[in-house]
Amino acid sequence: MITEIGNLFLSISATLSLCMFSIIFLKKFIDVDLRYAFCKNLSFIVLSLIFLSFSFLVYAFLIDDFSLRYVASNSNISLENIYKFSAVWGAHEGSILLWVLILSLWSACIPLFSGKIPKRIVIDMISIMGVLLLFFLVFILFSSNPFDRIFPIPLNGKDLNPLLQDPGLIIHPPLLYIGYVGTSVPFVFAVAVLIDGHIETEWISWLRKWVISSWVFLTIGISLGSWWAYHELGWGGWWFWDPVENASFMPWLAITALLHSLIVSEKRGIFISWSILLSILTFSLSLLGTFLVRSGILVSVHAFANDPERGLYILIFLSLIIGSSLILYFSRSSKLIFYREYSVTSKEFILLINNLFLTITTFAILLGTLYPLITSSLDLGKISVGAPYFNFIFSALMLPVVFLMAPAVYSNWSKTNYNSLSKKLGKILFYSLVIAYVWMNFYYKSDIFIVYLGISLALFTIISSTIKMFQIFDNTFEKNYFKTLLSIPSSIIANSLAHIGIGVLIIGVTVSTYYSSQKEIIMVKGSEILIKDTKIKFVDVEGKLSSNYTSQMGIFDAYKNDKYVISFFPEKRTYNIQKNVMTEAAIDSRLMRDIYIALGENIADDSWVVRIYYKPFIQLLWYGVGLMILGGFFGIFSRTNSVNNN
Amino acid sequence: MIKITSRNKKTIAKVLVFFFAISSFSSLLIYAFSKNMVYFYTPTQVSKKEAPLNSHIRVGGMVKVNSFIKSKDSLKVYFKIHDLDQEMNVTYEGILPDLFAEGQGVVMSGKLSKDGTFVASEVLAKHDENYMPPEVADMMKEKNGALYKK
């Protein structure tokens, strides 16, 4: 039953999506209100149908219906219920269904929150959503159907990949997808505006909210993935420049650029055509990411399927979408180009530089990610581009962006008095340089230039943004307390928090990268080892049983100044069904440091290979991301008519 | 004729600045790119001396059964990898990935020493039972294809 109903609902939604798309061609024949009602209701119906078929799949997982091939290959009777639920998006078919579900959710949100956007634009936006939905639904029905049957019906399933059996992985894909798919909204807006040939400031502030929302979700999604890698992969790393990570990072960089160019478009009425182009590029990068992850051409935990046909289908769709929207852009965008004079000291110019650097960085990452794939598919040799390339390029291009954050916040539109700007910021820069110097030389006794540069720029951003935020508080608190509290321009809180977050993140990344200690050693039970200021004692190894794995659990005690601090229980798990061995690291996180212990092989009776990391201030990485996300939320709920500080 | 007005002058200046900026970025990019490109070689290619010595490369193959030797007092390991045709020696010091095993596919990065031994600095094994590093999978497919033709 589940199969038939699921398939039926998906086919109906595909047909309805086609109807949604066809509305765009009926402009001359049907009245606006009727078309609007039609589109709006269609988008709700499609959402409900896809939601229902998704629920059926969830249900099939929960009742262990192994007659579905997808359930049989990704679940197991002994799997915990929560993982049965998350196994729905644990592999290709289900995650594409989730993709479509979220796409239909975003498209149903457009008419609900359309604000001051005129109906004719909303109709076009939903119609274009319709063609995107149609593509993905057809893709599901013909090449990745989660409702496909298997015969004979197996008694038990093959189990979920043990790597994916982790709490972080339950919500990582949905959140990342919400962000990924959210870039479709600026895309359909861009196309609708290009078709219409007309744009208004109010529309841009509306669009900015959507862009911030998907930026927030992308940020959460990417950082959760990173957090998962840190906790689960057992290597102590949190970013590997793996093509799949890049696939999610490129849309993030592009949407960050878009976020900033939209500020200029909204306040000054320029950069509009560029914002439109960026919207198209951001969504194209999201689709490219989907293609890279789903086509199976990459080596990764994320590469589920090795099916060139699927990849080809997405690739064709990708070229159609990018091609047609770029043709539309180049034939229509001239109407959207507006001029306004601005000097090199203006906020416009600084944001222009920001966009330039972010775009180039995106391109550099794209090059490093795609080049190996191109050479290998053209038989020009198997090449890989190592992490050093990305690290070098990324930090070189991001330094100016970080440096310009403070001037961008402090400068004025059109023209800034250079002397007053440098007077304000010069002091802050000087203090940051001094603090960074003192900290590094006295605390770490080190003088690595790049670390010095990173820390002082981060401090520069943190201090200047904090001062900016509190200036606003001061000015407003003098008058009526509550009234003014409500009228604080939350856009300033938003950008200050996000920029402080970036600064905190940079400190976390540089300090933990350059000053961490790592030990890979053989330890005998009862032996001790000193790492930085902490003594680690290897106490014992015990066996442990769980419903779907057996594990050997090490017991380590940590002492600081001969005082007991905490015990670690790293595990080496063997999953019963796939016989996979997994390392579960044990991590003690404190503000000042993380200690990370992973259990390796058993060499002889009492001696084990042990990997220990001491990572100072790595927690700042997660705090920084948290601040960025918080800032994003303030941005979503900011009033656009708030008093501009300039 | 295009008149050179002050506005045009400004535009020209802007274009020049952007051109300069973009070209310097691209040269930075190309420099970093060419420095960090790592080529992949098969044991057959290594045996034909196609791989450069002492530079950062990647090799891959199947770990030869019964070739794995572990040092008693350090994390040093020795093993052989093959691609059905040729085999080569590998040394590595460190913890091997969980899924490393004899008879399984493996991809490593490191340097080739003069005596033809590959000194690995990183070892990647496949991610799960059904998955093989694509380089190794391609390589074995080619070799197998050749075997069938014979």
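Modeller: A definition comes first: axes are lines fitted to C-alpha atoms, for helices over the stretch in contact, and angles run from 0 to 180 degrees between N-to-C directions. Please bear in mind throughout that this is a predicted model.

Biologist: At what angle do helix α2 and helix α6 of chain A pack?

Modeller: Two packed helices are described by the angle between their axes and the distance between the axes. Helix α2 spans residues 32-62 of chain A and helix α6 spans residues 119-143 of chain A, and their axes lie 9 Å apart. The crossing of α2(A) past α6(A) is left-handed. The angle between the two is about 35°.

Biologist: How many residues of the contact of α2(A) with α6(A) are nonpolar?

Modeller: On the side of α2(A), the contact includes A:V32, A:Y36, A:C39 and A:V46, together with A:R35 and A:S43. On the side of α6(A), A:V122, A:I123, A:I126 and A:L133 take part alongside A:K119, A:R120 and A:S127. By class, there are 3 charged and 2 polar residues, and the number of nonpolar ones is 8.

Biologist: Which strands stand at the edges of the open sheet of chain A?

Modeller: The sheet has 4 strands in the order β2-β11-β10-β9, with antiparallel pairing. From one strand to the next, the twist averages 15°.

Biologist: Which residue in the turn between β7(A) and β8(A) has a positive phi?

Modeller: Strand β7 (residues 571-575) of chain A pairs with strand β5 (residues 549-560) of chain A in the antiparallel sense over 5 bridges, and A:T550 has A:T574 as its bridge partner in β7(A). β7(A) also pairs with strand β8 (residues 581-584) of chain A over 4 bridges, again in the antiparallel sense, and A:R573 has A:M582 as its partner in β8(A). The hairpin of β7(A) and β8(A) has 5 residues between the strands, and the turn residue with a phi of about 55° is A:K579.

Biologist: How many of the residues of β7(A) are buried?

Modeller: A residue is buried if 20 or more other C-beta atoms lie within 10 Å of its own. By that criterion, strand β7 of chain A is mostly covered, with a count of 4 of its 5 residues.

Biologist: Which residue is the bridge partner of B:V106 in β7(B)?

Modeller: Chain B has 3 helices and 7 strands, among them strand β6 (residues 105-112). Strand β6 is joined to strand β2 (residues 57-63) of chain B by 6 antiparallel bridges, with B:V107 as the partner of B:G60. β6(B) also pairs with strand β7 (residues 118-125) of chain B over 7 bridges, and these two strands form a hairpin in which B:G116 has a positive phi of about 85°. In β7(B), the partner of B:V106 is B:A125.

Biologist: Where in chain B does pLDDT stay under 50?

Modeller: Chain B averages a pLDDT of 80, with 83% of the residues at 70 or above. Its highest mean, 92, belongs to strand β5 (residues 87-93), and its lowest, 60, to helix α3 (residues 134-149). The model has 0 contacts beyond four places in sequence for the stretch under 50, which is residues 146-150.

Biologist: Which element of chain B supplies the largest share of the side that touches chain A?

Modeller: The predictor gives the complex an ipTM of 0.77 and a pTM of 0.90. The contact takes 27 residues from chain A and 22 residues from chain B. On the side of chain B, 14 residues are nonpolar, 3 polar and 5 charged, and α1 (6-35), β1 (37-41) and α3 each supply at least two. The largest share, 5 residues, comes from α1(B).

Biologist: Which residue of chain B does A:S384 stand opposite?

Modeller: Strand β1 (residues 383-385) of chain A runs antiparallel to β1(B), and 3 bridges join the two. In β1(B), the residue opposite A:S384 is B:V38.

Key
Residues are numbered from 1 along each chain as its sequence is written. Chains are lettered from A and ligands numbered from 1 in the order in which they are written. This is a predicted model: local features need pLDDT of at least 70, side-chain atom pairs count only at pLDDT 80 or more; totals for chains, interfaces and linings use all residues. A crossing is left-handed if the near helix is turned anticlockwise from the far one by less than a right angle, and right-handed if clockwise. Two residues are in contact if their C-beta atoms, placed from the backbone, lie within 7 Å. Ala, Val, Leu, Ile, Met, Phe, Trp, Tyr, Cys and Pro count as nonpolar, Asp, Glu, Lys and Arg as charged, and the others, Gly among them, as polar. pLDDT is the predictor's confidence in each residue, from 0 to 100. Two strands pair if DSSP finds at least two bridges between them. A residue is buried if 20 or more other C-beta atoms lie within 10 Å of its own, exposed if 12 or fewer, and partly exposed in between; C-beta atoms are placed from the backbone.
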